[in-house]
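Reader: I would like to go through this structure term by term. Please set each value against its cut-off.

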Amino acid sequence: MESRKVIFRIKRFNPKKDERPYYKEYEIDVPKGMTILEALQYIKDNIDPTLAFRAFCRSAICGSCSVKINGYPKLACKTQVFNELDVYNTNILTIEPIDNMEVIRDLIVDWDSAIQKMEKMRPYLIPDPEVVPETLDEECKVYPHELKKFDKFTDCILCTTCYSACGIVRVDSNYGGPFPLARVYRFAVDPRDSLKKERAKIGFSFDMWNCVRCNKCADVCPKHIAPVDGIMKLRGLSIEIGLRNNPGARHVMAFYKSLQESGMLNEVLLPLRTKGIKGVLENLSIGIKMILKGKAHSPIMKPIKEHETLKEVMKRAMEVE
Amino acid sequence: MLQYDILIVGAGGAGLYAALETSKRKGLKVAVISKVFPTRSHTGAAQGGVNAALGNVAPDSPEKHAYDTVKGSDFLADQDAVELMCEMAPKIIREMEHMGLPFSRLENGKIAQRPFGGASFPRTCYSADKTGHVMLQTLYEQCIKNNVTFLNEWFALSLVHNGERIAGVVALDLRTGEIHGMRAKAVILATGGHARIYWKRTSNALGNTGDGPAMALRAGVPLKDMEFVQFHPTGLRRTGILVTEGARGEGGYLINKDGERFMKRYAPEKMELAPRDLVSRAIETEIMEGRGFKDSEGNEFVYLDLRHLGKKKILERLPQIRELAIDFEGVDPIEEPIPIRPTAHYSMGGIDTDIYGRTIIKGLYAAGECGCVSVHGANRLGGNSLLDIVVFGKLAGEDAANFVAENSFIPFDESEVRKEEEKIKALFDNDGKERLVDLRNELSDVMTYGAGIFREEKKMKEALEKVREIKERAKHIKVYDKDMTFNTNLQQTLEFLNMVEVAETIVLGALERKESRGAHSRTDYPKRDDENFLKHSIIERTPDGDLKISWKPVKITKFQPEERKY
Ligand SMILES: Cc1cc2nc3c(=O)[nH]c(=O)nc-3n(C[C@H](O)[C@H](O)[C@H](O)COP(=O)(O)OP(=O)(O)OC[C@H]3O[C@@H](n4cnc5c(N)ncnc54)[C@H](O)[C@@H]3O)c2cc1C
Ligand code: SF4
Ligand code: SF4
Ligand code: FES
């Protein structure tokens, strides 16, 4: 059977012993079909028993084995070595711990902080006595279309891959992060929950408006969940419950108004509506620089031709939502 | 020393339900320790579903559920336990539903149910193909809500008791490497199954190494029906990861080296859709008689061929199985057949308990796959294990809470902590003449060929010898990693030592059970023998270190044994 010689360049670090992380290389013969996790275990069994990494189910359901492979966070157990070699056209694979969490040892990171954040966000059903029967003689009625609203988000295996990839998590220590916020949304639209839309307040207090919609969390999720979608919908709920008095919500409202009025985004009016005059003045110099460098539009805009149609589309979209 | 009223070891479905139950009692100090973060427990891997006679799709009753279970068990299950479980099933399913578990739904909003092997009605509640996963997540969420204390990535090493009452547990904090005495009035073991003993051929998670039964055995607590290990016919060749029955359900073929659909020799009518144990035996026979394939790593297998179904059908109906084959075998079933072989899947046997999870040591309980109540007897029905773990997790939790209300702590002998420290030190100091990986693979082969799908006196005697030999050789395994921060080399070695210990009980039980019943199939005794073997095997370790086997009657209430015909 086909096999290839592969060099695994693995980042090693034991904070109790090593001054700084270093890379160690291991060359092994990889048969077709071998996963990154199996390769790691092979190295541990046969070359270096001190290599430390986490794994449990080896079938992409427990979320233990997230690591960075050539810079990209993935589940080691779900990743074929040959595939990676082909994608990067190389015989060297670099394996590192995932980001945004402290390294305990080698590829093992401390995800407590991420989980603790989630735990503070009340990620559990608080039954609505109006919906959930008092006795166990009957079940709640949940219709398939209701389930559909949150079903996908219950696929989350807490692998923290998305959390490790999110830039806002890195810069804002209060930011809830993709999977915790998506879980808040999951409960917000569960008909059995008593907080329901009010849960948006939790998202609000964990800076959900700071998400920049870069979509990284969606790109890396091994379960094909898009946490960002949950966050956007949670934002929607916050506007619905009248939680508007914040830059994020105002930004969305301004965005909407601007499209309504002109069919285009007015990038000058947008900050004005979002942040008020004071905010705009603070950012004015950056704005002017951006216009001069051609990175922003001139504040003077003419309505576009398709504006009326757009307005209609938006109106319908709002009705559907 | 750490001190709790109740200490729960294991955070799968059984451990979490026990924790939830105890968290309802005010003033109890309860902690759950688990060697992995709770939601990583193996319960999450269960896809199919969980049984309960809700009657949402067709009229059904707990009694019919009980009958199917007893019949499926080949009449070895204790019928009082089965009746209790089936009676509680609808309520506990609704309880979890009220906690937010996202079951799949019918158009009328009720919980959907689907048919499953061995059940006479569509009785299996499910959540798409992620039932165990959402069950685990939901229970974990509720535990957070109830402020349950979790000690994650802690490894239980041994039980401490005075011969009558439990005193606590000795455990290793994997992150720091510290060894702690943990005092408790009651201890509930919920450490899951042990099919990892068949290392190279199992659907189980890496940590399903029988730590609970091994600890119990060392502490003099008996194990029950250990010879019964369930194999699932279609595990992936290299990893043993499960390819669910859906693939055959949609019309997949099983093919041998000669390109032949060999099931025609074993079940000409049902072909690939014959019962699990029959299909498993057919595949093994093909391989034994030289009609299987062998790859360069030495794996033997046959093919599960889906290609004739066509790309469209595979993409529409079997997308998960396709993803699995691509991710874990590097094979796209649209273009290539999937290499498969039966895989060790479920441990019917375990720590001997009564219906409240009580063991012979007062205050020591066991629940879930590590325990044996017994509701699965010689063969578990699909969907009954997820039910078993929640029902008996709950009952053990309740009983333990009652127990601690009436009992005080007993002294904890601190020398037990030092004993474990010394054991671990010895592992660092060994000569290293033997390697963990070699012995682990050898144990896997010995068990697969000696006490696997087919069993026979001579081979089992050899296997028993070999397991004992491996146990001796294991005294030379050295732990090379000396750093106590997250020492996974140490952890894997400790797990292996537990597996060898449990393996011996499986072979011994299998050797002594001279009949064929359920998953236990002896070529030298092909018939079920109710006259001599309608009884549970009980194995315990005597103080001088030998294994002692005895027997215990099966509890029969309503259903008289009859021939198991399908
Ligand atoms: C692939 C697969 C599919 C399945 N599908 C189904 C299905 O569809 N329906 C069904 O009913 N059943 C199914 N089963 C069976 C079922 O999933 C298991 O029997 C059940 O989940 C076991 O639950 P548990 O709580 O006993 O143990 P687990 O969920 O295995 O939990 C064990 C816990 O114990 C901890 N632990 C173990 N040892 C130690 C130690 N030394 N120290 C500290 N902690 C320890 C672990 O960390 C873990 O938290 C399936 C099994 C497999 C393998
Ligand atoms: S879309 Fe939002 S949550 Fe997702 S990675 Fe980007 S900033 Fe983070
Ligand atoms: S959302 Fe996806 S990437 Fe994020 S923790 Fe859940 S499963 Fe992992
Ligand atoms: S080992 Fe469980 S997700 Fe990879």
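Reader: Which residues are closest to ligand 1, and how many surround ligand 1?

Author: This is a predicted model. Ligand 1 is surrounded by 37 residues. The closest are B:Ser41, B:Thr43, B:Glu369, B:Ser385 and B:Leu386.

Reader: What makes the approach of B:Lys35 to ligand 1 a polar contact?

Author: A polar backbone atom of B:Lys35 is 3.1 Å from a nitrogen atom of ligand 1. The cut-off is a pair of N or O atoms within 3.5 Å, so the pair qualifies.

Reader: On to ligand 2. Which residues come nearest?

Author: There are 13 residues around ligand 2. The nearest are A:Cys166, A:Tyr175, A:Cys211, A:Cys214 and A:Cys217. Helices also take part: α9 (216–220) and α10 (227–240) of chain A each give at least two residues to the shell.

Reader: How does the shell around ligand 2 divide by class?

Author: Ten residues are nonpolar, one is polar and two are charged.

Reader: What kind of space does ligand 3 take?

Author: Ligand 3 takes the second largest cavity.

Reader: Why is B:Gln137 called buried?

Author: B:Gln137 has a relative accessible area of 3%. Buried means under 20%, so B:Gln137 is buried. B:Gln137 lies in helix α4 (residues 131–145) of chain B.

Reader: What does B:Gln137 touch beyond its neighbours in sequence?

Author: In chain A, B:Gln137 is in contact with A:Cys156, A:Ile157, A:Leu158 and A:Arg183. In chain B, the partner is B:Thr39. A:Cys156, A:Ile157 and A:Leu158 are also among the residues around ligand 3.

Reader: B:Glu21 carries a charged side chain. Is B:Glu21 buried or exposed?

Author: Buried. The relative accessible area of B:Glu21 is 8%, so B:Glu21 falls under the 20% limit. B:Glu21 sits in helix α1 (residues 13–23) of chain B.

Reader: What makes the link from B:Glu21 to B:Lys394 a polar contact?

Author: The two side chains make their contact at 3.4 Å. The limit is 3.5 Å, so the pair counts. B:Glu21 also touches B:Gly397 and B:Glu398.

Reader: How do you know that B:Glu501 is buried, and what is its polar partner?

Author: The relative accessible area of B:Glu501 is 10%, under 20%, so B:Glu501 is buried. Its side chain makes a polar contact of 3.1 Å with the side chain of B:Arg218. B:Glu501 belongs to helix α15 (residues 488–512) of chain B. Its contacts also include B:Ala214, B:Leu217 and B:Arg541.

Reader: Where do A:Asp106 and B:Glu153 lie?

Author: A:Asp106 is in the loop between β6 (102–105) and β7 (108–110) of chain A. B:Glu153 is in the loop between β6 (149–152) and β7 (154–161) of chain B. A:Asp106 is at 3% relative accessibility and B:Glu153 at 4%, so each counts as buried under the 20% limit.

Reader: Which peptide bond is cis?

Author: The bond from B:Val373 to B:Ser374, with omega near 5 degrees. Most peptide bonds are trans. B:Ser374 lies in the loop between β18 (371–372) and α11 (385–406) of chain B.

Note on methods: Residues numbered from 1 in each chain as written. Chains lettered and ligands numbered in written order. Predicted model: local features only at pLDDT ≥ 70, side-chain atom pairs only at ≥ 80, totals over all residues. Heavy atoms only, no water. Helix = DSSP H or I, 4+ residues; strand = E, 2+ residues; numbered from the N terminus. Buried < 20%, exposed > 50% of the residue type's maximum accessible area, 1.4 Å probe, protein only. Polar contact = N/O pair within 3.5 Å; in protein donor to acceptor, adjacent residues only side chain to side chain. Contact = heavy atoms within 4.5 Å. Near = heavy atom within 4 Å. 1 Å grid on protein atoms, 1.4 Å probe; cavity = no way out; pocket = protein on both sides within 12 Å on 5 of 7 lines; lining within 4 Å. Sits in = over half its atoms within 2 Å of the grid points. Lists of a residue's contacts leave out its neighbours within four places in sequence.
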